[in-house]
Amino acid sequence: MTGKRHSVRVTILNEDYTLRSETPPEHARAVAHYLDQAIREVMNSGAVVESNRAAILAALRITAELFEARETNQQLSAAMRSLSAELKPLLPPGKRGEPVA
């Protein structure tokens, strides 16, 4: 089952786009603003002038951020599982998540 789809107008590099998404409009605007800022930072660095090249470089930067966040999330999940395994024997039998005989 899908949620309600929203239409929201966003501006990226002074161009308007209409996005249709199940995410709330505020989220779509925040994502578009983040992308717009990332592209502008690349363009303002002086390394790239063309907006399409700046968009690709900004997308690469954002993708690198995503990969780093995923890796951090995996590390945190592993640490939580390890901590849970260490604490489980210290809990009373009824609290260990095991069937009680």
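Visitor: How do strand 1 and strand 2 pair, and over how many bridges?
Guide: In this predicted model, strand 1 (residues 6-12) and strand 2 (residues 15-21) run in the antiparallel sense and pair over seven bridges, where pairing requires that DSSP finds at least two bridges between two strands. Strands here are DSSP runs of E with at least two residues, helices are runs of H or I with at least four residues, and both are numbered from the N terminus.

Visitor: Which residue is the bridge partner of Ser-7?
Guide: Ser-7 has Arg-20 of strand 2 as its bridge partner.

Visitor: And what sits between the two strands?
Guide: The strands form a hairpin with two residues between them, and Leu-13 in that turn has a positive phi of about 50 degrees.

Visitor: What pattern does the chain follow along the sequence?
Guide: The order is β-β-α-α, from two strands and two helices.

Visitor: Where does Glu-26 lie, and is it buried or exposed?
Guide: Glu-26 belongs to helix 1 (residues 25-44), and it counts as exposed because its relative accessibility is 55%; buried means under 20% relative accessible area, exposed means over 50%, and partly exposed is in between, using a 1.4 Å probe and protein chains only. The C-alpha atoms of Glu-26 and Leu-13 are separated by 19 Å, with the two residues 13 apart along the chain.

Visitor: Switching to Lys-95, where is that?
Guide: Lys-95 is in the segment after helix 2 (51-87), and Lys-95 is exposed, with a relative accessible area of 63%. Between the C-alpha atoms of Lys-95 and Arg-5, which are 90 residues apart along the chain, the separation is 42 Å.

Visitor: What about the radius of gyration of the chain?
Guide: The chain has 22 Å, whereas a compact globule of 101 residues would have a value near 13 Å; the radius is taken over C-alpha atoms, and the globule rule is 2.2 Å times the number of residues to the power 0.38. Along its principal axes, the C-alpha trace spans about 70 × 35 × 15 Å.

Visitor: How many of the residues are buried?
Guide: Buried residues make up 13% of the 101 residues.

Definitions and conventions: Residues numbered from 1 in each chain as written. Predicted model: local features only at pLDDT ≥ 70, side-chain atom pairs only at ≥ 80, totals over all residues. Heavy atoms only, no water.
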